[in-house]
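Have the structure open while you read.

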Amino acid sequence: MSTARHLDSAHYGGRWGSAPVIVGTAAWNGLAFAPYQTWAFRRAELSAYAETPFRAPNGKRVTMAPIRTLPTRDSGAERLVPIATRTLTQLLTNLEELPPNATVALVLCLPERMGERTQEGFATQRRQVEKALVRLLEERDVRPVVHVVPRGHASLAFALIEAGEALRGRKVDVALVGGVDTYYDPEVVQTLIDQQRIFDGENLDTFVGGEGAAFCALTRTDVAKRTKWPVLARLDTVATDVELATQDNDVPCMAAALTRAGRVVSERLREERRTLDWWLSDMTAEELRVHEFKLAWPRVAHDVMPPEATLEYLSECLGDLGAAAMPTGLAVAVEGMLRGDPGAATCLLTGSSAGGARGVVLLSREP
């Protein structure tokens, strides 16, 4: 399985090298203003779901998980820019200051609709978000190396492979990695309505859209020691692959890509006699997504995930966060491992993009 053409992976722990460490997180979504709140409110089983001004063809208001402190008339970039900038500001405030003369990378995860071959409106949104974040860093005398990864739900895995290798190769000293997305956009809603994918109160083969952003700061252990940043967790193993079956074709979904990427992690855990203690998935209620996860889960976890392990789905209370799903999962995972609820030493994040990209990220708690 590991010889698949699209499979790419990176392992940072054990004898293979010094792992990049996570020294800060930030998040903002429909449920909470920070990672700690997101973790706590999810533990309390609260939900961010609410009716929006958008209407489905059956006349019912579209349910989403919006950030209700934003103006209801704002949409698209009017929401993306403040969500992204406020979240990155939160992260920079937590870090207090970056090392002098450090090479800083900004790796931004965005929805697939903002890729290179896209409508001009979405391309404009991408440029607006990117420029706003760069401006925010430049105001702090930081000239970042910028890389944009418009791969949707699985973007974080692709981003972390690049950021991890750059840190290990000492090409950068600090990597600010995160994602932002929103379904609160007339064009996005209309596309989903045309595809019969957005929840309208009747069709169950759909999902509830959300919005938000999350960022993390990664660095090397030596940099963390010099700056006296607390090490919250370490980046352990990352893998990506591409699934042939999508919502837009008739290819049978065999969950091959998610299985291959996931087995990179589980095989490593088995070799090192560790367990998979917590799995945070971006799975929604869509039949294709559920079918894929039901096939991949036992193949990946059967020999490393004990009965007492925890399996959770971010969309249950946050809605589908798109490109912000895995970054939000990372922020939640760090909080949970730090606070011992659940009692996990390892956490697997998985993301499945509509276009076929699949990504898995294993985080490990610092001893």
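This is a predicted model: local features need pLDDT of at least 70, side-chain atom pairs count only at pLDDT 80 or more; totals for chains, interfaces and linings use all residues.

## Ground rules

Residues are numbered from 1 along each chain as its sequence is written, and side-chain values use heavy atoms, with hydrogens and water left out. Helices (H or I, at least four residues) and strands (E, at least two) are DSSP runs, numbered from the N terminus.

## Ala34 and its surroundings

Back to Ala34: you'll find it in the loop between β2 (21-29) and α1. Contact means heavy atoms within 4.5 Å, and on that basis Ala34 touches Ala27 and Gln90, once neighbours within four places in sequence are set aside. Thr182 sits 148 residues from Ala34 along the chain, and the two C-alpha atoms are 17 Å apart.

## Arg79, a buried arginine

Which class does Arg79 fall into, buried or exposed? Its relative accessible area is 1%, so Arg79 counts as buried. This arginine belongs to helix α2.

What does Arg79 contact, leaving aside its neighbours within four places in sequence? One group is Pro66, Ile67, Leu70, Pro71, Thr72 and Asp74, and the list also includes Thr182, Tyr184 and Glu211.

## α2 against α3

Axes are lines fitted to C-alpha atoms, for helices over the stretch in contact, and angles run from 0 to 180 degrees between N-to-C directions. For helix α2 (residues 77-95) and α3, the axes come within 9 Å and cross at roughly 25 degrees. As for the labels, under 35 degrees is roughly parallel, over 145 roughly antiparallel, 65 to 115 roughly perpendicular, and the rest oblique. The α2/α3 pair is therefore roughly parallel.

On the α2 side, the contact is made by Ala77, Leu80, Val81, Ala84, Thr85, Leu88, Thr89 and Leu92. Facing them from α3 are Gln125, Gln128, Val129, Ala132, Leu133, Leu136 and Leu137. Sorted by class, that contact has 11 nonpolar residues, four polar and no charged. For the classes, Ala, Val, Leu, Ile, Met, Phe, Trp, Tyr, Cys and Pro count as nonpolar, Asp, Glu, Lys and Arg as charged, and the others, Gly among them, as polar.

Helix α3 (residues 120-138) also holds Ala123, which is buried at 14% relative accessible area. Ser47 is 76 residues from Ala123 along the chain, with 32 Å between their C-alpha atoms.

## α4 across α10

The axes of helix α4 (residues 155-168) and α10 come within 7 Å, crossing at roughly 70 degrees. That makes the two helices roughly perpendicular. Leu156, Ala157 and Leu160 of α4 meet Met326, Pro327 and Leu330 of α10. The class count here is six nonpolar, no polar and no charged.

Most residues other than glycine have a negative phi, and most peptide bonds are trans. Glu45 has a positive phi of about 60 degrees without being a glycine, and this glutamate is in the loop between α1 (35-43) and β3 (50-55). Glu45 is exposed, at 71% relative accessibility. Arg273 is another non-glycine with a positive phi, near 55 degrees. Look for Arg273 in the loop between α7 (256-271) and β10 (278-281), where this arginine is exposed at 80%.

The peptide bond from Asp341 to Pro342 is cis, with omega near 0 degrees. Pro342 is in the loop between α10 (325-339) and β12 (346-352).

## Cysteines without partners

How many disulfides (pairs of cysteine sulfur atoms within 2.5 Å) turn up in the whole structure? The search finds zero.

Technical notes: Buried means under 20% relative accessible area, exposed over 50%, partly exposed in between (1.4 Å probe, protein chains only). A disulfide is a pair of cysteine sulfur atoms within 2.5 Å.
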